[in-house]
Structures are given as structure tokens and as C-alpha cells.
Amino acid sequence: MKKCFTINCKRTKEEIESYYELFDNNLYQGVELFYPYNVSFKMALSYTNNVTKLLEKYDVTRVLHLPFGCDNDFIYEDFSTNDDIIKRFKDAIDYASMFNVSRLTLHMGKSYGFTNEKRYELLKRVCSVIQELCDYANTYKMVIMVENMPHNNELGDTLVEISEAIKLVNRPNFKFILDTGHAFVSCHDINSFIYELKDYLYHIHFSDNNGLKDEHKPLGDGLIDFNSVFKALNDIKYDNLHCLEIIY
């Protein structure tokens, strides 16, 4: 099993230095970084410098989480394109290239409460932007991975919508990242994502919760049946990273 953990951009110098021991003992083989666009310049500089030192010392698989949240939607509610956000994502991809990142985590953005035809039209427009980002990431030989979301106020909360996005983007460097906590909150069967999207499953965020909200708890501190999840992963012979996204 290849293990990974996230290093969010608010981690201190001391916290990042404490991770050296984890790699010295070969407990982890990868890290998932965050693009520090949403913190102060001083914090972003500190994060970048300390992550650089860590990754100069250890040859591990590098992942980066692209910008996410309510201020990072590619398409406005009137279906016009947010060029500033597209540029932010390209800047994040450039930032990732500094660390030889091989894969990028992506949220597709909010759904504006649209249903049926309008939601599908939004998905198509978002996927056209993702095609552009995939082509941009391909210049660095990076893969972009779409993440399933916990609520239907964001695109990609269902297996059907993730599958449709993969078809619409239609790029060889567009894959799927499973988030166990998101799937459990959305009340969709985690193992269905695994079996149905096994050909695209490229990365996994592991965290636990009680099914009410995405709490990012350690495994075993919530209600997710991880025995069943790991059986499904063994069934499909999953051999990519298992990433702990235990934020708090």
C-alpha cells in the first residue's frame, strides 16, 4: 500500500519539519500539497519554502489540490465564463510544476441549485473549461482528477454526474479521485464509485465522519465501513496512493 497525507497551506514550519520522521521511517510515500492562493503573502512564502525543503530531501509522489470553494467557479450563474478563475487554476498548475507534481485534485464547482437541463448545461460548460485545463496540465505531464462532492449544491456529487464529466471532458489525463467522507455524506455507496469507476480511479482521500457533514476525522472515528471499502479496492487491484485527508 502506498500511503500519502495532505499538507494544507496553514501548516507551520515546525509542523512541516515534523513530517521528516514519517519519510525517514518510510511510513508514507506521497504528499498532497495545496496552492496557497488564499493565505497571506508571508504564509504562502513560508509554506512554499518549507515544502520545497521537504521535497528536496525526499523523492515521493507529489499531488496538489487545485483551488476550491465558493470563490473558484469557472462558470457564473448566467453561464458566462470566469476568466480570472481559469487563470488562477493555470497559475496553480504552474505552481505545482515547481514541485514536480504528477496529479492535481479538482472540484467542479457549485451547481447554483439548477436541476435537470440547466444543471446539465452547466456541467457541459464546466467540462469545456476542464478540457482547456487538462491540455494545459498535459504540457507538464500532469493528470487532473475530478473529486466526488458531498452535496448536490456542487457538481459531481453522484456517480452518474462524475461518469458524465469524464465522458464530456474526454481527455486521457482526466481521472477520478474518490473522497470517502464526501461519498458517505452524500448517501451514495462508496463501493459503487470504486467498482464503476475503477478504470479512472487514480487517487483516494480517506477520512471518516458520522454521515451528517464532512468532518475529516481519522479512520475509525466515524461510521464508514472501511473493511468493505478496502475489500472493494483489493477486488479492483487498486495500486495508487491512499491519502489521509485528516485536516483537523
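This is a predicted model: local features need pLDDT of at least 70, side-chain atom pairs count only at pLDDT 80 or more; totals for chains, interfaces and linings use all residues.
Reader: Why is helix α5 called oblique to helix α6?

Author: The axes of α5 (residues 116-138) and α6 (residues 159-169) cross at roughly 50 degrees and come within 9 Å. Angles under 35 degrees count as roughly parallel and those from 65 to 115 as roughly perpendicular, so α5 is oblique to α6. The crossing is right-handed.

Reader: Which residues make the contact between these helices?

Author: From α5 come R119, Y120, L123, K124, C127, I130, Q131 and C134, and from α6 come E161, E164, A165, L168 and V169. By class, this contact has 8 nonpolar, 4 charged and 1 polar residues.

Reader: What makes H205 count as buried or exposed?

Author: H205 has a relative accessibility of 0%. Buried means under 20%, and therefore H205 counts as buried. H205 belongs to strand β7 (residues 201-206).

Reader: What makes the pairing of the H205 and E147 side chains a polar contact?

Author: The side chains of H205 and E147 are joined at 3.2 Å, and the cut-off for a pair of N or O atoms is within 3.5 Å. Beyond its neighbours within four places in sequence, H205 is also in contact with other residues, among them E32, H65, D179 and E245.

Reader: How do you know whether N26 and N100 are buried or exposed?

Author: Exposed means over 50% relative accessible area. N26 is at 53% and so counts as exposed; N100, at 61%, is exposed. N26 lies in the loop between α2 (20-24) and β2 (30-34), and N100 in the loop between α4 (83-97) and β4 (103-106).

Methods: Residues are numbered from 1 along each chain as its sequence is written. Side-chain values use heavy atoms; hydrogens and water are left out. Axes are lines fitted to C-alpha atoms, for helices over the stretch in contact, and angles run from 0 to 180 degrees between N-to-C directions. Helices (H or I, at least four residues) and strands (E, at least two) are DSSP runs, numbered from the N terminus. Angles under 35 degrees count as roughly parallel, over 145 as roughly antiparallel, 65 to 115 as roughly perpendicular and the rest as oblique. A crossing is left-handed if the near helix is turned anticlockwise from the far one by less than a right angle, and right-handed if clockwise. Contact means heavy atoms within 4.5 Å. Ala, Val, Leu, Ile, Met, Phe, Trp, Tyr, Cys and Pro count as nonpolar, Asp, Glu, Lys and Arg as charged, and the others, Gly among them, as polar. Buried means under 20% relative accessible area, exposed over 50%, partly exposed in between (1.4 Å probe, protein chains only). A polar contact is a pair of N or O atoms within 3.5 Å; within protein, one must be able to donate a hydrogen and the other to accept it, and residues adjacent in sequence count only if both atoms are side-chain atoms.
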